[in-house]
Amino acid sequence: MDLLFGKSKKNKNNDLKIIAKPNKGLKQRRKSLESPTDIIYSKCCCCGTNIPVKSDINKFKCGICHVTTILIYDEELVTNVDKDLVCSSENLNRIIKNCLSTVKKQQIYDKNEKYNALEPISRYVSDCFHSYQVLERSFLPNGKRMNSHSLVDFEDVNKFYALLMKLPTRRPFYRMLCACNDLLKKPGKALNHIRWLLIIWEIPFIRYCLTTKVYSKFDSPEIRAVSYELSKRCICYISNTSRTDKYSEYIYCLKYMDSDIFLSNVEKINLYITYQLTRIMCHAIKRNSIKERKGDPMVNTNNTQAPTGTISVPTTTNNFERTVPLARNSNTNILTNDDFSPASEPLIEDLWNISPEEIKTIEFDRDGKSLRPKGFKFKTSQYEHNWYIRSACKLMLIINLANTKRGNNPMGTSRNVQLSASKFYNTMLDFLDNKQDFEVWRGLDVGSRLSLLLTEWSAPQKQNNSTRFSFCNYPFLLSLGIKISIMEYETKRIMEYQAEKAFLSSLDKGKTIEVYFKIKIRRDHITHDSLKAIKEHQGDLLKSLRIEFINEPGIDAGGLRKEWFILLTKSLFSPTTGLFDHIKDSRLCWFPIVASSKSKEKVQSQEEYYYLLGVVIALAMFNGNILDLSFPKALYKKMCNETLTFADYTELYPETASNLLKMLEYSKDDFNDVFCLTFETTYHNKLTANNKGSKKSKGSNTVTVELCKNGSNIPVTQSNKSDYVKLWIDFYLTKSVAASFERFMDGFSRVFSNCKSIGLFNSEELERLLCGDDEHTKYDFQMLRSVTKYQGGFTNETSVVNWFWEILEDWDYKMQATGISTLTFKISRLGARDNNDLPIAHTCFNELCIWEYSSKEKLENKLMLAVTESEGFGFR
C-alpha cells in the first residue's frame with residue numbers, strides 16, 4: 001500500500017486515512033499506457049532483450065547488458081580515423097624496439113619516466129582498438145588474398161598479443177583492453193562486420209579470466225574484470241552474426257579453420273558456460289547456507305557482518321567489476337549484486353577444478369566455508385532467462401553446425417578435421433535436472449537445429465520470443481550419459497502409459513489384454529516367428545518387451561530378451577539370407593546395390609525383412625539392449641540425416657576409395673589418356689534380369705550404370721573429376737540403396753515416431769548407444785568381483801572361483817563381452833566333484849553355475865565351449 005499510495009496517516013478519531021499520492025514512476029507508466037503509439041519495441045544488439053523505447057529516439061542503453069544500441073546512425077558523430085593506420089605485429093614490434101631503445105639510450109630508471117617513454121605503445125594499441133575500421137583492415141590473411149579460407153591471420157594476431165604481454169609494464173595491454181571494451185559497449189555500424197570481433201575474441205585473457213590459474217605477471221583483478229566484459233559481449237555479438245549477411249562468411253571461416261584454433265573456440269565457450277553455471281550453483285549453495293544459519297540458534301542472525309567464507313561478487317566501478325561481500329536484500333529475499341568476479345572466490349575455484357562426480361562426494365562444513373549440494377540439480381528457472389547462457393549456447397550451435405561441414409574434402413589435411421561429439425560436452429550439465437529440461441523441450445515443436453537460429457528472427461517486434469530455453473535445444477552440450485537418462489525416462493513413461501492403457505481397455509471390454517509385448521518364438525524358426533509376431537502386434541511395439549522360447553522354461557528378466565536380439569540379428573545378417581552385402585575389404589555389411597525400378601521389384605520379397613530389422617534395432621534401443629552390428633558409420637549418419645562424406649565411403653570401400661583419391665591427386669595434362677573415364681560406374685549384380693537404364697555385360701553379372709543423365713557421353717576431366725567422385729559416392733551410399741534403407745527406416749520410425757528423445761543423438765552417439773563403446777578394451781573385473789555373491793559352498797577364496805576370474809582377465813575384449821553379458825553377480829556350485837558337463841548360465845537371474853572342475857585348464861575349456869557354442873535356457 002505504501003508503494004502505491006504513499007504514506008498512511010491517522011486522524012484525531014484514530015481512523016486510518018490513505019493519502020492517494022502516486023509516485024513519479026507510476027505516473028510515467030500510466031502516461032506510457034495512455035499513448036502506446038509513441039512506444040516501439042527494439043531489440044538490444046547484444047543480449048537481444050526487447051526494450052520499449054520512444055519512437056523518436058536515435059539510440060538507447062540496455063539496462064541488462066549496459067550496451068548502447070544505435071537506431072539511427074549520425075554520420076556527423078563519426079570520428080576521423082587515420083586511413084593509413086594498420087594494426088600488425090610488425091608495426092607493434094617496431095614501436096616497441098624504438099621505445100625500449102630510447103629507455104636504454106637515455107638510461108631512464110624512474111618508473112614514471114619509463115611509463116612516459118613507453119606511451120607510444122599504449123597510444124598505438126589504443127588508437128587501433130578504438131576503431132573497428134582499423135581492425136577490419138588489419139591482420140589480413142596472406143597479404144590481401146581475398147580467396148583465403150580464413151578471415152583473420154590468427155598467427156599474426158597471437159604474435160601481436162604475445163608482444164604486448166612481454167613488455168615490462170601491463171599498461172599498454174590494459175589500455176588495449178579498455179579500448180576494446182569502449183568499442184564493444186557502443187558498437188554502432190561495427191556490427192555489420194565480423195573480422196574485428198574475431199580479432200578481439202583471440203585476446204588470451206578472454207579465456208584466462210574464466211579460470212583460477214595465474215598465467216603470467218599480467219594477471220590482475222583489473223585485467224580479469226575487463227576481459228570478462230569482453231568475453232560476454234564478444235559471445236553475444238558473434239552469436240548474432242546469424243542475423244547478418246556475414247553469417248555464411250563466418251561459417252566458411254569456421255569450416256576451414258585450423259583444428260587447434262577451432263578447438264580453442266569450443267573450449268572457450270564451454271568454459272564460459274561452465275563459469276555461468278558455477279555462479280548459479282554458488283548462489284543456490286549460498287542460499288542454503290543462509291537458510292541453515294537462520295534456523296541455527298547458535299548463529300546470531302542480527303549480526304550484519306558478512307559470514308565467514310562469504311562468496312564475493314563484483315560491483316561496478318570505473319566500468320569494471322570489483323569484489324564486495326555478498327549480502328541478502330531483506331525486502332526482496334534475493335541475493336544482490338548478481339555478477340561474480342571471475343575466479344575470485346575459493347568456492348568457485350573448488351567447484352571448477354573437480355569433476356561433477358567428485359562434487360557429489362564433497363563434505364561441506366557448517367562455518368560457511370563450504371556446503372554440500374545434496375542432490376543439487378539445475379532447474380529451468382535458474383537458467384532459462386540467463387542471457388549469458390542463451391547467447392553462449394547460440395554461438396556453440398553455430399560452431400557445431402560448422403563442425404559438421406569440416407573434413408569433407410577428400411584431399412584435405414588434418415588441419416581442419418571434424419571434432420568428435422565429446423569435445424562439445426559440458427560436464428557441468430551433468431547436474432542438470434534433465435527431466436524438467438526435457439519436458440520444456442518436449443513441448444516445443446523444434447524441427448531442425450538450424451530452425452533455432454530462425455525462431456528469433458521471425459518473432460514479432462512488439463512481443464518477446466515465446467520459445468522457452470532448454471538445453472535439449474542444444475543437445476551437443478549434453479553428454480551421452482545424460483541423453484541416455486533422458487531416453488530411459490521417456491521410454492519408461494511410454495511403456496507405463498501403454499500398460500495403463502491396456503489395463504483400462506481390458507476392464508472396458510471385459511477381456512484380458514496383455515500389458516507387455518510378448519513374443520513367443522521357436523528357436524529354429526526365429527526369423528519367421530519374429531516377423532509374424534511383429535506384424536500381428538503392431539500396436540504393442542511400445543510396450544515393455546518380453547520373450548518366450550517355445551518348449552523352453554524361462555522367465556524373461558532381461559536375459560531371454562538379450563538372447564533373442566543376439567540370435568535374430570545373427571540370423572538377419574547371415575550371408576545365406578542375402579539381405580546384406582558383406583564387403584571383404586572393410587568386413588562391414590551394407591545394403592545390396594539396386595540401380596533401377598525393375599531391380600527393386602526383385603527385392604520386394606525381402607522388404608519385410610528390412611522393415612523387421614528396423615523394428616528390431618529400434619526395439620533394442622527402446623528396451624536398453626546393445627547389439628553386435630557390423631554397419632559403417634554411413635548408416636547412422638543416414639539415420640540422423642547428416643551429410644555423407646568421402647571418409648564414409650572410404651570406411652566401407654577402402655580399396656576403391658584409394659583409387660579415387662589417386663585420380664583426384666593426379667594433376668598432369670595427360671589425365672584423359674591415363675584414366676579414360678566417363679560418368680558411369682560398374683558393379684556386381686546378384687540379380688539376373690536386365691535393368692532399365694543399365695547395360696549388362698554378356699556372360700557376366702556386372703552392370704554399368706550412368707551416374708548422371710547422359711553420363712556415358714560425358715568424359716571425366718581435370719575440371720569435373722570432383723563432381724564425378726561426389727556422384728560416385730552418392731550412388732553407392734544413397735541412390736542404389738534407397739528402397740532398402742527406406743523400408744529399414746519405416747520399421748525404425750514405427751517404434752520411435754512418438755519418442756522425441758531420439759532426436760538428441762547424433763550419428764556418433766547413436767552408434768555408441770546401439771553398439772556400445774568400442775573405446776574400452778577391458779572390463780573392470782575387480783569391481784564386478786566385489787559385488788558377486790556365491791552359493792552352494794563357493795566363496796571368494798575357492799580355487800575354482802579364483803581360476804574363473806583369472807581366466808576372464810586373460811580373455812580378449814571380444815570374448816569378455818560375449819561371456820560377461822551373461823556372467824554377472826552370482827556364482828553357484830553345481831557339485832562337489834569333478835564333472836565333464838558344461839557350466840550353466842541362468843541369464844534370467846544373472847547366475848552362473850559351475851562344477852568344481854579339477855584344473856584351471858579344464859575350466860577354461862568348458863567356459864570357452866559354453867560361451868561360443870551353446871544356447872538354450874533351463875531351470876535348475
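This is a predicted model: local features need pLDDT of at least 70, side-chain atom pairs count only at pLDDT 80 or more; totals for chains, interfaces and linings use all residues.
**Whole chain.** I began with the chain of 876 residues and found that 47% of them are buried. I then looked up the secondary structure, which comes to 35 helices and 21 strands. For the accessible surface I noted about 45900 Å², with 49% of it belonging to carbon and sulfur atoms. I also checked the contacts with a separation of 6 or more: residues 24 or more positions apart account for 71% of these.

**Cores.** Next I turned to the largest nonpolar core, which has 207 residues. The members touching the most others are Phe129, Phe160, Met176, Ile200, Phe471 and Trp564. Helix H13 (residues 259-294) gives the largest share of this core, 13 residues. Another core, of 19 residues, lies apart from it and includes Trp811, Leu848, Cys849 and Ile850.

Setting aside neighbours within four places in sequence, I listed its contacts as Phe129, Leu135, Tyr161, Cys180, Leu183, Leu184, Ile206 and Cys234.

**Helix pair.** Last, I looked at helix H24 (residues 607-622) and helix H30 (residues 738-752). Their axes come within 7 Å and cross at roughly 35°. The crossing is right-handed. On the H24 side I found Tyr610, Tyr611, Leu613 and Ile617 among the residues making the contact. On the H30 side the contact includes Arg743, Phe744, Phe748 and Val751. Sorted by class, the contact has 13 nonpolar, 3 polar and 4 charged residues.

How values were computed. Residues are numbered from 1 along each chain as its sequence is written. Side-chain values use heavy atoms; hydrogens and water are left out. A nonpolar core is a set of buried Ala, Val, Leu, Ile, Met, Phe, Trp, Tyr and Cys residues joined through side-chain atoms within 4.5 Å. Buried means under 20% relative accessible area, exposed over 50%, partly exposed in between (1.4 Å probe, protein chains only). Helices (H or I, at least four residues) and strands (E, at least two) are DSSP runs, numbered from the N terminus. Contact means heavy atoms within 4.5 Å. Axes are lines fitted to C-alpha atoms, for helices over the stretch in contact, and angles run from 0 to 180 degrees between N-to-C directions. A crossing is left-handed if the near helix is turned anticlockwise from the far one by less than a right angle, and right-handed if clockwise. Ala, Val, Leu, Ile, Met, Phe, Trp, Tyr, Cys and Pro count as nonpolar, Asp, Glu, Lys and Arg as charged, and the others, Gly among them, as polar. Accessible areas come from the Shrake-Rupley method with a 1.4 Å probe; for residues, only the protein chains shown count as cover.
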